[in-house]
Amino acid sequence: MKNKLEMLRKQLGITQEELANKIEVSRQTISSIETGRYDPSITLAFKIANFFNKKIEEIFIYER
Amino acid sequence: MFNKKLLNCVIALTGILIFIFGFYLMNNDVNKGLTGTLFSIGSGLFGVGLANIFTLFYSQKNPEKAKWKEIQVNDERNKILKYKTGSTICTVNWYIICVLIAIASAIGAPIWIILSHLGIIVLDAILYIIIFNIYNKNI
């Protein structure tokens, strides 16, 4: 699954550490999501979407 | 927080009492196995209680580090990593036990050694079925 997390985070001008602290996950989790090595749970995906004030499908792109 | 401190104080004190009771039994020539067990349980409880009390004090004095630790513990990726690591270790251990059984049989080890290893594998399979069914109903 692809995502626009890195782009959105950079648009806000915050670091991975800051984003991680805001949504209460580890920095490594943010890094893994950004590089596509880890797909977040639906709960975390909602948290991320809420943080950026967007819909989940605007951040995470499902690929068949 | 206060309740946790109190609980851990009680655990540590219980540990000390069990340890002292072990000494008392040792001086009265009671079964050495029992005194040894009491020493182990007593020192274990004391250690756990004391460590938890120190951790709670440390968390109070360093709220940022405590928060960081809480995030690390509750982080969903870390949880998945823990589950995967545990599962992999169990699978590896299972193969190791199978190899040990084969080696024990080949070198003509006593039958109780082979049977106890086989027992572990059977127990593992039974536990797998039971726990899988519990999770299957609840998740």
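**The second largest pocket and its surroundings**

Author: The lining of the second largest pocket divides into three nonpolar, four polar and three charged residues. The description that follows, like this one, concerns a predicted model. The space in the second largest pocket amounts to about 270 Å³. Its lining is made up of 10 residues, and those closest to its centre are B:K4, B:T55, B:L56, B:S59 and B:K69.

Three elements of chain B, namely helix 1 (2–27), helix 2 (32–61) and helix 3 (63–74), each provide at least two residues of that lining. Among these contributors, helix 2 of chain B gives the most, with four residues.

Helix 5 of chain B contributes the most, with eight residues. By class, the lining of the largest pocket holds 10 nonpolar, three polar and two charged residues.

The contact between the chains comes next. On the side of chain A, 11 residues are in contact with seven residues of chain B. The size of an interface is often expressed as the accessible area that is lost when the parts come together. For chain A and chain B, the area buried between them is about 810 Å², with 45% of it on carbon and sulfur atoms. Of the area that chain A buries against chain B, A:E24, A:S26 and A:Y38 supply 51%, which is more than any other three residues.

One of these three, A:E24, also takes part in a salt bridge, its partner being B:K67, with the closest N and O atoms 2.6 Å apart. The rule finds one salt bridge across the interface of chain A and chain B. The count of residue pairs in polar contact between the two chains is six, with both residues at pLDDT 80 or more. Helix 3 (residues 27–34) of chain A provides the largest share of the side of chain A that touches chain B, namely three residues. That side of chain A consists, by class, of four nonpolar, six polar and one charged residues.

Within chain A, A:E63 forms one with A:K2, and the closest N and O atoms are 3.8 Å apart. This pair links distant parts of the chain, since A:K2 belongs to strand 1 (residues 2–3) of chain A and A:E63 to the segment after strand 2 (60–61) of chain A, 61 residues apart.

Key
Residues numbered from 1 in each chain as written. Chains lettered and ligands numbered in written order. Predicted model: local features only at pLDDT ≥ 70, side-chain atom pairs only at ≥ 80, totals over all residues. Heavy atoms only, no water. Contact = heavy atoms within 4.5 Å. Buried area = accessible area lost by both parts, 1.4 Å probe. Salt bridge = Lys/Arg side-chain N within 4 Å of Asp/Glu carboxyl O. Polar contact = N/O pair within 3.5 Å; in protein donor to acceptor, adjacent residues only side chain to side chain. Nonpolar A, V, L, I, M, F, W, Y, C, P; charged D, E, K, R; others polar. 1 Å grid on protein atoms, 1.4 Å probe; cavity = no way out; pocket = protein on both sides within 12 Å on 5 of 7 lines; lining within 4 Å. Points joined across faces, edges and corners; volume = space filled by probe spheres on them.
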